[in-house]
Amino acid sequence: IKPNKKAQQKLWKFKYIKLYHPLAVKRIIEWYKAFYSWKNPYTGLTIAEDPANIYVAAVNEDSIFEAYFNNFVHLDAKNRLILEKQFQRYLIKKYGSFEVVLKDWKEDRDTKTNFEDLKLLTADELKSKSSQRKKDTIEFLLVLETTFYNRVKDVLRGLGYKGLFTGTNNWYGYGNLLSNAMVGDYIEVHGYFDHPRRVKRPIK
């Protein structure tokens, strides 16, 4: 049976929007609070307090850096726009005005500045842009991802969880490794994918 790529595309967008969409993040945080505060009637401990619970990932196999390096292909126009606006707010907070942003990016305009000048470009689109624009883009993604991870971590620690914590599990590039290192106690990159028994060839 051939996979329904249109349906798959709709499902894949949820991998990314749960990291930044205000309503999605709100629901995830509510779930963490409800689930980890549930008390086991046999032990008298909540799931967060139970010492048997030793490792938690904020989100399974997901990263905003995966979306970025896939050129946001799975995000529809509506959810891409939400991400764009968050990027613009980040820039205004950092620089103070759009004009200063463009000047620092070395992209001065003769005409009035508009939102198109401040788009969150894909990795491919950024190749021809200034190093400062590239830096601001990666820093924004880093802030977005670590903010989400920290919100989950704060809930868990607030409920008494003392085990290991990581942002996500898998390999999504150096930006994601950095966000995990900044927030978590443990980095899980699915290293077993590289085991010689799996790939049937020596690791270089």
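The model is predicted: local features need pLDDT of at least 70 and side-chain atom pairs count only at pLDDT 80 or more, while totals for chains, interfaces and linings use all residues. Residues are numbered from 1 along each chain as its sequence is written, and side-chain values use heavy atoms, without hydrogens and water.

**Confidence**
- The protein's average pLDDT (the predictor's confidence in each residue, from 0 to 100) is 87, and 83% of the residues score at least 70.
- Mean confidence is highest in H2, at 97, and lowest in helix H9 (residues 196-199), at 60; helices are DSSP runs of H or I, at least four residues, and strands are runs of E, at least two, numbered from the N terminus.

**Salt bridges**
- There are 8 salt bridges (a side-chain nitrogen of Lys or Arg within 4 Å of a carboxyl oxygen of Asp or Glu) in the structure.
- Asp 136 pairs with Lys 94 in a salt bridge, with closest N and O atoms 2.6 Å apart.
- Asp 136 is in helix H7 and Lys 94 in helix H4, so this pair ties together parts 42 residues apart in sequence.
- Asp 136 is buried at 0% relative accessibility, and Lys 94 is partly exposed at 38% (buried is under 20% relative accessible area, exposed over 50%, partly exposed in between; 1.4 Å probe, protein chains only).
- Glu 84 and Arg 80 form a salt bridge at 3.6 Å between the closest N and O atoms, and both are buried.
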